[in-house]
Amino acid sequence: MEAKIRPLGNEDADYLQDESGFEGIAYSISFPQNRNEVKDIIDQCMGNHETITIQGALTGITGAGVPLEGHVMNMKEMNHILEITKDCGFVMKVEPGITFGELEGIVRKESNNTYFLPVVPTEKSATLGGAVSSGSKGIQSYHYGSLENYIEAIEICDNQGTFVTIEKKAENNLLIGSEGMLGAITAITLRLVKKPKYLWGIVFMFPEDETACAFADSIHEMEQVMAVEYMDRKTIELIDTYKNSMTQISKVPSIPAEVNSLLYIEIAGDEEEIVEEAAAVLIEKCVETGGDPDTAWAVTGETEVENIRNYRHAASECTNMKIAESHGSNKRIKKLSADIEWKNRSRAEILKYYNGKLENSGLNYCIFGHLGTKQPYVNILANNQEEYEQGKMIMSQFIRDAYIDGGMVFKEHGIGKLKKGYFCELAPIEEINKMVKLKGKWDAKSVFNVGNMFSENQL
Amino acid sequence: MLKIAVCVKQVPKNQIGIDENTGNIIREDGLNCMNIYDYAAVETALRIKEQTEAEVDIFTMGRMDSRGVLQEALALGADEGILISDSKYAGSDVLATSYILSRGIMKKGDYHLIICGKQTTDGDTAQVSGAIASQLNWNYLPWIHEIAEVTEKEITACMLMDFEKIEVTAIYPCVISVEPSIYTVRIPTLMNTLKSRKKNITVYGQSELSLPEHAIGQKGAPTRVAGIKNLTCKAVPAIRDLTAAEIVRLICEEAECPLESRGGYE
């Protein structure tokens, strides 16, 4: 059967770039609508000796879904629900192109709003397949852990056009974060969890990082805490510059000028009183660690919490917009960010370390993200080539120090093409060899997502 | 002390669609929220409260689960929440709703000022505030986008008309409807949110209000959905020169919808 492949046209430019601004090239494109079409496309590309770059919604920030050559297989039309089982909990088998926004709506309807997938990125237009491939997670991973905890099975189509289903506790952990390099995911089986009935989102404001970190440390053992997200003053100011053009957050009041450090905490539970008690404990802890709970904002319920999450998500969006501006004037400037999960440094030490290195450099930067899990994102916002080169050197230093610390260096956003250099140069050889071995086992002919993680000559 | 009543409404967060047969809103995802336009009404009342130490009570009419929007308004800093709810009120249109709301407000106390949002995102009529003023025979200031002065006896505000801004002063009692642009709406503080959980919400039903059955619910609602059609937009020149009756006739002609005359409404 002839696969639905067509030459890449001018109208397909959006499929050659992701959120990082990383751009690539390709010669043909396809939008499979089911697993059989995926197989046909792979068969045809194999017959033509063409490489295949599998991509989702291109919300990634490492270029992992951006092609460097050959064929692009975009999975956005493979967004169907294949099966829902409610006999024992809530299990659903879905295609990889479903977005988190779509998934959320369907689960809400099918479960009467009693179940949910807790580990979701703040970017709702991201696809499930993309998140599995990059290993991304959401703000509630603080409480719920990684996405892999909620995956029962993954079906993959390999370069021979054979469908392989990998059950939990086998190798699916290896597929998570494999950046489309092993084969095309054609189905994912998710086990969802009961949604807590009551959810609060609370924004605590602090004059400096030390108090914010002391507060974050003090609430670490609290069972009701679902998320602990951080934002520095530079991020707040960056959001302010774009806020009026962003409908979802344009109505959020300004953060007072004296606030230099902001923590967004989510608490949840099945009993209203317990959640209220948790909020009262947060107030106590805030006072004990030197903060002022009178300035804290709080919203309750899914709808209102979503509005505050949009503000948190704006940090990522605005960073990417700022980088896109610099990239527009100099194509060699790309995203410079780290998503290291530190192991042996305290939260305060992590922020002090980043700020110490970057303040001395004179570069523009911002820090936000999962402080609760010791994984704040640091972004260097280079304005010119010189700053970009300087920023790359500092990023190398961060990664080098993170490996010494024993941290997880490429934890959430993946490696892709943008961080490949750092990975190959700085990661322990065993870590690189593990991925090379896996690639050799699954895709020895190097058909899928060529250029991610390491070079072909390392195979 | 100045007493202010604010009317708010719970609406579906995502309006999925409209049932073509009944005209009812299809609310498949079950998520509700406060009507976005009503935040401006609550904020306006709270700003006046901060200036004058006024008392601010929030009213809503709807199902029992509408108490969530009252709790939210209390968390923003309002003093008391009043839920008007009874199965007999179901099916109320603008006329019946404004009647029930105005009776509920009158039962609760002697208010100087009622503040409403510009419109709702579900009904979208933008008529309830004016209808409340009419029911109570109070002064009415619509389209307010700026409050100039609030005294013990009157309010001076700026009305945002299509082609001009007009500063007007109204003596209490008075109903105003505010534009969403009037203020940036605050986010509730954690302290107020916790305090609001301890505040009681007063519930008025038919046993408390004892309203005549011909004036409430479907019996009190002259509005009938004759049909729902998707219409293509059409430019109508010089609409400002037409009378209201001419505009209604024009709409009915375009929609191929019969214009029914019901006593006193044309």
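Predicted model: local features only at pLDDT ≥ 70, side-chain atom pairs only at ≥ 80, totals over all residues.
1. Residues are numbered from 1 along each chain as its sequence is written, chains are lettered from A and ligands numbered from 1 in the order in which they are written, and side-chain values use heavy atoms, without hydrogens and water.

2. Do look at where helix H8 (residues 272-288) of chain A packs on helix H5 (residues 190-197) of chain B: the angle is about 145 degrees and the axes are 11 Å apart. Helices here are DSSP runs of H or I with at least four residues, strands are E runs of at least two, and both are numbered from the N terminus. Axes are lines fitted to C-alpha atoms, for helices over the stretch in contact, with angles from 0 to 180 degrees between N-to-C directions.

3. On the H8(A) side, Glu272(A), Glu276(A), Ala279(A), Ala280(A) and Ile283(A) meet Leu190(B), Met191(B), Leu194(B) and Arg197(B) of H5(B) (contact: heavy atoms within 4.5 Å).

4. In chain B, a cis peptide bond links Tyr172(B) to Pro173(B), with omega about 0 degrees. Pro173(B) sits in the loop between strands S11 (165-171) and S12 (174-178).

5. Lys374(A), not a glycine, has a positive phi of about 60 degrees. Its place is the loop between strands S16 (365-370) and S17 (375-380) of chain A.

6. Ser446(A) also has a positive phi, near 55 degrees, and lies in the segment after helix H13 (429-442) of chain A.
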